[in-house]
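Here is my note on this model, point by point. Keep the structure open while you read.

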Amino acid sequence: MAEQNNGAAGADQAQFTIQKIYVKDVSFEVPNAPQVFNEQGQPNLELNLNQKVGRVGDGVYEVALGITLTCKIEDKTVYLAEIEQAGLFGLSGFDERTLDMMLGTYCPNVLFPYVRQAISELVTQGGFPPFYLQPINFEGLYAEGLRRRAEQAQAQAAQLPEGGNA
């Protein structure tokens, strides 16, 4: 294995591959069926998004994009749709900062169309009007995460006593 991390141009050829895209977990519940189909009122939709990244092997990472969609009318749950769409991605030749950015933005962008279609199909097959998940700005979410990490690091550094030893 060649270890060329001196930053010289052309020393390492960065490579990105999609090895596998798959549904890791899926669930759809209509806890108050069939009575809920007669409910009147304005539905309230709550969307939660999460992302997990794990190293599977040398240069292979699993990125999982999780969506939970809860629809309620007043205090009654109409439906609950959950999906975790995952992918195995090969990434090599990237510096740490670029690797982190690829895993935090590019990989979720690859998974998004799959999770969007799966959520829409679950809701429709559950007997409800189609739900179209709007585009998500993963670059903005990533930038916000970097900002929060920097703030936490500054706060922790400020708590260290003189001399830098805890």
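1. Start at a turn. Strands β3 and β4 form a hairpin with two residues between the strands, and Glu74 there takes a positive phi near 55°. Strands here are DSSP runs of E with at least two residues, helices are runs of H or I with at least four, and both are numbered from the N terminus. β4 covers residues 76-92 and pairs with β3 in the antiparallel sense over 14 bridges. Two strands count as paired if DSSP finds at least two bridges between them. Thr68 stands opposite Glu82 of β4.

2. A word on the basis. This is a predicted model, in which local features need pLDDT of at least 70 and side-chain atom pairs count only at pLDDT 80 or more, while totals for chains, interfaces and linings use all residues. Residues are numbered from 1 along each chain as its sequence is written, and side-chain values use heavy atoms, with hydrogens and water left out.

3. Now the overall plan. The protein has two helices and four strands. From the N terminus on, the order is β-β-β-β-α-α. Of the 166 residues, 30% count as buried. Buried means under 20% relative accessible area, exposed means over 50%, and partly exposed lies in between (1.4 Å probe, protein chains only).

4. Look at β3 again. On its other pairing, β3 meets β2 (residues 44-57) in the antiparallel sense over 13 bridges. Asn44 stands opposite Lys72 of β3. β2 and β3 also form a hairpin with two residues between them, and Gly59 in that turn has a positive phi of about 75°.

5. In what order do the four strands lie in the sheet? The order is β1-β4-β3-β2, in an open sheet with antiparallel pairing. The edge strands are β1 (15-29) and β2, and each pairs on one side only. From one strand to the next, the twist averages 15°. β1 and β4 run antiparallel and are joined by 13 bridges. Glu29 has Leu80 of β4 as its bridge partner.

6. Next, the helix on the sheet. α1 packs on the sheet and touches β1, β2, β3 and β4. The direction of α1 makes about 140° with that of β4. Contact means heavy atoms within 4.5 Å. Axes are lines fitted to C-alpha atoms, for helices over the stretch in contact, and angles run from 0 to 180 degrees between N-to-C directions.

7. α1 has a helix partner too. α1 and α2 (residues 138-159) pack at an angle of about 145°, with their axes 9 Å apart. The α1 residues in this contact include Met101 and Phe112, and those of α2 include Tyr142 and Leu146. By class, the contact has six nonpolar, three polar and four charged residues. Here Ala, Val, Leu, Ile, Met, Phe, Trp, Tyr, Cys and Pro count as nonpolar, Asp, Glu, Lys and Arg as charged, and the others, Gly among them, as polar.

8. Leu146 and Met101 are 45 residues apart in sequence and 9.8 Å apart in space, C-alpha to C-alpha. Glu121 sits in α1 (residues 96-125). Glu121 is partly exposed, with a relative accessible area of 38%.
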